[in-house]
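Q: Please go through this model with me. I want the criteria behind each label.

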Amino acid sequence: MAELCVALVAGEASGDILGAGLMRALKARHPQVRFIGVGGPLMQAEGLTSYFPMERLAVMGLVEVLGRLRELLKRRKELIQTLIAERPDVFIGIDAPDFTLNIELNLRKAGIKTVHYVSPSVWAWRQKRVLKIREGCDLMLTLFPFEARFYEEKGVPVRFVGHPLADSIPLDADRAAAREQLGLPEGPLVALMPGSRGGEVGRLGALFLDTAQRLRELVPGVRFVSPCANAERRAQLEQMLQGRDLPVTLLDGRSHQALAACDAVLIASGTATLEALLFKRPMVVAYRLAPLTYWILKRLVKSPYVSLPNLLAQRMLVPELLQEAATAEALAQTLAPLVRGGVQQTEGFDQIHRTLRRDASNQAADAVLTLLES
């Protein structure tokens, strides 16, 4: 079997996880494979030669990108030149569409096969990007079924591979065991998850703690657990907790254990909502953006929902309270009945979990190798 050279570029931690799973699955099918590109510690552990640290690509927000634009454009240009010289058998851009789609376009023109893994939210906003995707991409791999339907309608070769988290999270998480591991007592428990980025915690942290205080009046004996993405987020929350009398257990990471242990979740809109869904925990989704960013997005977004659970259900399965609507009183009133109830949500979550559970990494590897054979 001839050696296969696979180039991959991931832009952030979630992409690093996906990339590592795909690399493992490719190695299992094709013993002689070499990996080049850009990835994080997990992809490097699977054998990726990373041309520069993945952290250089992890920039969020419309405004933040501008400050780093020159560096990003320079890195992308150099990467395209390097990959055209290396001529891998296939290039796989993992998420990070603003960075990777342009690479795909250039490499495909140079005769290199290209795959994009994780659809950008083209179905929600900037739908014109689908034209660029059709031009630059031999194959789109989607995590969600509604995305695959969108691409089929637009004539883009696509395969729905499922979501790796749906494979790794059990269909029925053991609440009692998780509480025991975390040393949390019996009784009502709500997870507070105001986001993993400093800006998100800055905008939502105090609001979530205010909501927790109000919830204590509505749900007697309720306690709280909050998994912190890193030391900085923990310090932010510790500062916000000063002077408040709230039974909150802060955790370093361990978000999956927190979700398994809790009865309900107050959560920022984002990828974590998918994890809460897969753990079948009733949730209320809240979000606040900088007013200007929100104003811009409101005019661009075509989708009726912002949270993944509702996009996947194609209906309003979980409450979404955004911007001015996200007040402590409204959040507490919406969350209180879910601490002991929420069956309607959890039944919907179970159905979605089963749909997404498809052995994603192996499905993705099969799709890539099928493309290379064609």
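A: Domain bounds come from an automatic or database domain assignment. For this protein, that assignment gives domain 1 (5-162 + 358-373) and domain 2 (175-355). Their centres, taken over C-alpha atoms, are 30 Å apart. The model is predicted: local features need pLDDT of at least 70, side-chain atom pairs count only at pLDDT 80 or more, and totals for chains, interfaces and linings use all residues. Residues are numbered from 1 along each chain as its sequence is written, and side-chain values use heavy atoms, with hydrogens and water left out.

Q: How do you know that the span of helix α4 agrees with its 13 residues?
A: Helices are DSSP runs (H or I, at least four residues), strands likewise (E, at least two), numbered from the N terminus. The expected span is 1.5 Å times one less than the number of residues. For α4 (residues 97-109) that gives 18 Å, and its end C-alpha atoms are 18 Å apart, so the two agree.

Q: Which residues of α4 are called buried?
A: Buried means under 20% relative accessible area (1.4 Å probe, protein chains only). Pro97, Phe99, Thr100, Leu101, Asn102, Ile103, Glu104, Leu105 and Leu107 are the buried residues of α4.

Q: What makes β11 and β12 a pair?
A: Two strands pair if DSSP finds at least two bridges between them. Four bridges join β11 (residues 264-268) to β12 (residues 283-287), and the strands run parallel. Val265 has Met283 in β12 as its bridge partner.

Q: What is the strand order of the open sheet?
A: The six strands run β10-β9-β8-β11-β12-β13, with parallel pairing. β10 (248-252) and β13 (320-322) are the edge strands, since each pairs on one side only.

Notes. Buried means under 20% relative accessible area, exposed over 50%, partly exposed in between (1.4 Å probe, protein chains only).
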